[in-house]
Amino acid sequence: GAIICKLDTHRSRNTQRGYIAMLAVDKELRGRKIGSKLVSLCLNRMKELGADECVLETELTNKSALGLYRSLGFVKEKRLHKYYLNGNDAFRLKYLFKLPEGFSQGMGCLGPPSEA
């Protein structure tokens, strides 16, 4: 299996955002928790480096990927219409390492508005 991920500063919120660009497991090796292990390794490393959240996109029709990410704690953030070149929609999924500033005061997952 292989995974490609990164951790950067999110420009509009000044938070540390991880991103999983790709996860692939050979068809003959699926069902052995290799994908779960790879994603968990990335999430653990992101947490060690101070990540606030991790995001990714997956095709709306990819039920196995959606199940995998849901089992690891990802939630659907939004639907991206015609995201892929084949015209299919995607879901942006998000994993929160910690609740955003202002969440407990009712400001939601976006936290307080950024100063412009």
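**Exercise 1. Determine how many aromatic pairs the chain holds, and describe the pairs formed by Tyr-69 with Phe-74 and by Tyr-95 with Phe-97.**

*Solution.*
Step 1. The count comes to four aromatic pairs, where rings of Phe, Tyr and Trp (its six-membered ring) pair if their centres lie within 6.5 Å. Planes under 30 degrees apart count as stacked, over 60 as edge-to-face and the rest as tilted.

Step 2. For Tyr-69 and Phe-74, the distance is 5.3 Å centre to centre and the angle between the planes is 70°; this pair is edge-to-face.

Step 3. The ring centres of Tyr-95 and Phe-97 lie 4.9 Å apart with their planes at 70°, so this pair is edge-to-face.

Step 4. Ring pairs join Tyr-69, Phe-74, Tyr-95 and Phe-97 into a cluster.

The model is predicted: local features need pLDDT of at least 70, side-chain atom pairs count only at pLDDT 80 or more, and totals for chains, interfaces and linings use all residues. Residues are numbered from 1 along each chain as its sequence is written, and side-chain values use heavy atoms, with hydrogens and water left out.

**Exercise 2. State whether Tyr-69, Phe-74 and Phe-97 are buried or exposed.**

*Solution.*
Step 1. Buried means under 20% relative accessible area, exposed over 50%, and partly exposed in between (1.4 Å probe, protein chains only).

Step 2. Tyr-69 and Phe-74 are both buried.

Step 3. Phe-97 has 18% relative accessibility and therefore counts as buried.

Step 4. In the chain of 116 residues, buried residues make up 32%.

**Exercise 3. Describe the order of the elements and the lining of the largest pocket.**

*Solution.*
Step 1. The chain has two helices and five strands, which are DSSP runs numbered from the N terminus (helices: H or I, at least four residues; strands: E, at least two). From the N terminus on, their order is β-β-α-β-α-β-β.

Step 2. A pocket is an open set of points on a 1 Å grid over the protein atoms alone, where a 1.4 Å probe fits, with protein on both sides within 12 Å along at least five of seven lines; lining residues have an atom within 4 Å of a point.

Step 3. The lining of the largest pocket consists of 27 residues, and Leu-23, Ser-64, Ala-65, Leu-68 and Tyr-69 lie nearest its centre. Two or more lining residues come from each of strand 2 (15-24), helix 1 (34-48), strand 3 (53-59) and helix 2 (63-71).

Step 4. Strand 2 contributes the most to this lining, with six residues.
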